[in-house]
Each structure stands twice: as structure tokens, then as C-alpha cells.
Amino acid sequence: MTTLVVCGKNIVDFYRNDHKFYIMIVIHYIPSIDQNFGGVSSYLQLLAHSLGKMVDLHIVTHHSDKELCLDNCTIHYMECGQLQWFKAKKLFYRLLDEIKPDIVHVNSCWAPLCSFTVFWAKKRGIPTVVSPHGMLEPWVLAKNHWTKKVPALIMYQRRALRKADALIATADSEKDNLLKLNYNNKVEVVPNGVIVDGIEIKKTWKRTRSLLYMGLLRPNKGAGVLIDALSLIKEKLIGYKVIIAGPDTEGYLSTLKRMCDSYGLNDIVSFPGGIFGKEKWTLMQHADFFILPTLNENFGIVIAEAYLSGTPVITCKGAPWACIDEQSIGWWVERTPEKVAQAIGEALDCSEQTMEEKGRHGREYVIQHFSSDKVARVMMEKYEKVINTVLHNKS
């Protein structure tokens with residue numbers, strides 16, 4: 001047995017019985033691993049946790065103030081801004097030449113370097129995949145369509161998507177929308193997931209009279225829809241607290257506070273800001289129900305996290321969670337204040353026994369289908385498929 005050290009990681013049993021075992025080298029590019037970057041940085045955190053045990057994983061990103069802790073990987077920082085293309089090109093080429101990756105995986109869209117890293121990797125002949133993370137969904141494309149999306153598509157984004165050896169969608173609905181764009185028909189589905197290691201289920205389902213929303217404070221995430229819904233059932237919420245937790249990245253918090261004031265909900269609703277780490281899990285486990293009236297999600301990590309905590313979920317059909325209805329573990333409803341209010345009312349009427357049944361079953365479902373280990377294995381299969389296809393086309 002020989003132990004090698006590659007990029008600071010021990011690779012054990014690299015040779016066994018004179019047979020060589022191959023360790024795949026993977027680079028992920030992501031604009032930011034800041035905790036306020038939302039689901040994209042959280043996705044990479046959970047993927048690194050398990051994928052980094054299977055491959056030699058390198059994360060290329062830019063410095064930020066509140067970075068998530070990523071394990072089982074080597075992090076490389078590009079000391080340049082998104083518009084410093086020539087400096088970024090030199091830095092990225094140097095990393096490609098030093099690391100010699102088997103595949104480059106680019107996360108996110110619209111930021112220029114999310115496209116240019118595709119061009120540079122392809123220029124070196126390296127297989128490249130792109131995860132849009134929902135950023136090519138119809139509602140996203142419609143936002144600032146002529147002022148931002150069309151210029152970006154013309155200048156770089158569309159060409160990068162076409163050059164990629166595959167696009168990675170996180171749900172069948174996202175795959176369908178990517179295929180409709182007709183930029184690239186090589187679309188693979190790899191669901192997001194959650195790190196299940198060490199996350200305990202709540203100890204009791206005795207009512208705490210607490211409801212929780214957790215997500216970015218943006219109109220599409222649905223905090224405003226939630227407040228509208230709460231106003232319709234205000235009489236049922238006497239004695240309840242509704243926590244709307246999340247960073248205010250677009251100045252939407254002031255609108256939400258005005259809504260609460262006009263509806264007379266100030267004694268019920270609180271806004272603690274972004275909640276992360278252990279405090280996040282404490283809130284998840286303490287809440288009777290988790291509510292996310294989202295317009296559109298390519299997955300919805302916070303939904304999986306709520307179920308991992310044993311907390312039943314109310315969400316909307318913009319999130320690809322039909323299993324909530326199929327498994328009877330919560331409420332999956334149309335995105336109107338009336339339907340959300342109806343679901344909340346039904347949840348408040350549930351017995352504690354029903355809450356426990358839904359919470360336990362939801363946790364079991366998430367562990368079985370969305371654990372980070374399972375997601376990492378599926379991602380490895382997709383990488384191997386792309387690499388083999390590229391090699392076959394070259395031969």
C-alpha cells in the first residue's frame with residue numbers, strides 16, 4: 001500500500017495488488033460562497049461535504065465577508081473582480097495548468113465570469129458542465145429582460161451554455177425549461193440535497209405556537225404572500241409567533257414591515273434577519289410548521305432542511321415538491337394568499353400526533369432521496385458520463 005499526498009489530501013490505497021485506482025480531479029467555479037449568496041453557496045457546501053470524499057475537489061471563488069465553511073475541498077481565491085476579465089483569465093489558466101482537472105463545473109449564470117470560465121476551460125480542452133441553479137427559469141429571464149438579460153445573452157451567456165458539455169438541472173421541471181430554451185439539449189438532472197450527518201430530529205412535537213419562514217427576502221420567495229395569508233386568518237393566530245428570517249438583499253424588508261403594520265400583524269410577525277449555523281437548526285426544530293410560499297424553486301434546500309428537522313412544511317407548487325402531497329407530509333398548494341391561508345389553518349388544526357407523523361415521515365423521505373452522499377454519487381455518474389462522451393468524440 002502506498003499513500004500519496006495530492007493537493008493536501010491523503011489518497012489511501014492508491015495502489016492495491018498492482019492495480020492503479022484513479023482519483024478524479026474536479027474544479028467548481030462559483031462567484032461567491034458567502035452565506036448571503038443563498039441556495040447556490042449552500043448547495044456547494046453540501047456537495048463538497050460528500051463529493052470531496054470521492055474526488056480531489058477544488059473550489060475557485062472570490063473573497064467575501066461571511067463565507068460558509070466548506071470541508072473536504074481546497075479553496076482557491078481569484079483576487080479580481082467580475083469585470084477584471086484579463087486578470088481573471090490569467091489566474092484561471094494558471095489554476096487549470098496547476099490542478100489539471102478532469103472536469104470543470106461552473107455554478108450560476110449572468111455574472112460574466114460564469115461564462116468566461118466555461119470558455120477558458122473549453123480552450124484548454126477540459127470537459128465543462130454548467131449548473132444554472134434556476135437562473136434560467138422563465139420568471140428570472142423575464143426580470144430586467146431587455147436591460148440585463150438580453151445584453152448578457154448576446155455578449156456571453158448564450159454562447160457559454162452552448163459550449164458546455166452538459167447542463168445540470170436540479171429537477172425535471174428545470175430540465176424541461178432548459179430544453180425549451182434550445183441552447184443545449186444535453187441536460188442531466190441531479191437533485192440538490194442536504195447534509196444529514198449530525199442533524200437530529202426534534203425531540204418533541206408539543207406545540208410551540210411558532211411558525212417559521214426562512215429564505216432570502218425577495219418577492220419571489222413569498223414572504224409577502226405569507227403576510228397576505230396571515231391577514232386572512234389573523235383570528236386563528238392569537239398567541240402565535242411567525243418568524244420571517246432571512247437576509248434583506250434587495251431592500252424588500254421595508255415593504256414587508258409596512259404590510260405587517262397595515263394588517264395589524266406587528267405583534268405576531270418578527271424579522272430577525274439572516275439566521276445561520278446552529279441557530280438555524282434550533283429555529284427549524286422549534287417551529288410547529290415551516291412555510292415557504294415561493295414562486296419558483298429549482299429545488300428548495302430549506303424545505304429539505306425543515307423536514308430533516310422533523311418539521312412539516314407548507315409550500316407552493318412553484319417548488320418541485322409534489323412528494324409533499326404524494327407522501328402526505330405537508331401542504332403543497334397554489335401560490336395565492338387564500339390557498340396558503342387555508343393550508344396554515346389546516347395545519348393549526350392538526351393534532352400533535354399528526355404533526356409528528358408528518359415530521360418523521362418527511363425526515364425519512366429526505367434522508368432516503370436527498371442525502372448529500374446520494375447526490376454526490378449521482379453527480380459522479382454524470383461527470384463520468386460527460387468525460388467519457390468528450391473522450392469518445394475526440395477519438
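**Exercise 1. Find the closest N and O atoms in the salt bridge between lysine 317 and glutamate 334, and say which parts of the chain the pair ties together.**

Step 1. Start with the distance: lysine 317 and glutamate 334 form a salt bridge whose closest N and O atoms are 3.7 Å apart. That passes the test, because a salt bridge is a side-chain nitrogen of Lys or Arg within 4 Å of a carboxyl oxygen of Asp or Glu.

Step 2. Now place both ends. Lysine 317 sits in the loop between strand S16 (313-316) and helix H11 (323-326), and glutamate 334 in the loop between strand S17 (330-333) and helix H12 (337-348), so the bridge ties together parts that are 17 residues apart in sequence. Helices (H or I, at least four residues) and strands (E, at least two) are DSSP runs, numbered from the N terminus.

Step 3. Check the cover. Lysine 317 is partly exposed at 38% relative accessible area, and glutamate 334 is partly exposed too, at 42%. Here, buried means under 20% relative accessible area, exposed over 50%, and partly exposed in between (1.4 Å probe, protein chains only).

A word on the model before you go on: it is predicted, so local features need pLDDT of at least 70 and side-chain atom pairs count only at pLDDT 80 or more, while totals for chains, interfaces and linings use all residues. Residues are numbered from 1 along each chain as its sequence is written, and side-chain values use heavy atoms, with hydrogens and water left out.

**Exercise 2. How many salt bridges does the structure hold, and what does the one between aspartate 97 and arginine 124 tie together?**

Step 1. The count is 12 salt bridges.

Step 2. In the bridge between aspartate 97 and arginine 124, the closest N and O atoms are 3.0 Å apart. Aspartate 97 belongs to helix H2 (85-99) and arginine 124 to the loop between helix H3 (112-123) and strand S9 (128-131), so the bridge links parts that are 27 residues apart in sequence.

Step 3. As for cover, aspartate 97 is partly exposed at 37%, and arginine 124 is partly exposed at 38%.

**Exercise 3. Is lysine 100 buried or exposed, and what is it in contact with beyond its neighbours within four places in sequence?**

Step 1. Lysine 100 lies in the loop between H2 and strand S8 (103-107), and at 59% relative accessibility it counts as exposed.

Step 2. Leaving out those neighbours, lysine 100 is in contact (heavy atoms within 4.5 Å) with Ile25 and Leu95.

**Exercise 4. How many helices and strands does the chain have, and what does its radius of gyration say about it?**

Step 1. The secondary structure comes to 14 helices and 17 strands.

Step 2. The radius of gyration is 22 Å, close to the 21 Å that the globule rule gives for 395 residues, so the chain is as compact as a globular protein of that length. This radius is taken over C-alpha atoms, and the rule is 2.2 Å times the number of residues to the power 0.38.

Step 3. To finish, buried residues make up 55% of the 395 residues.
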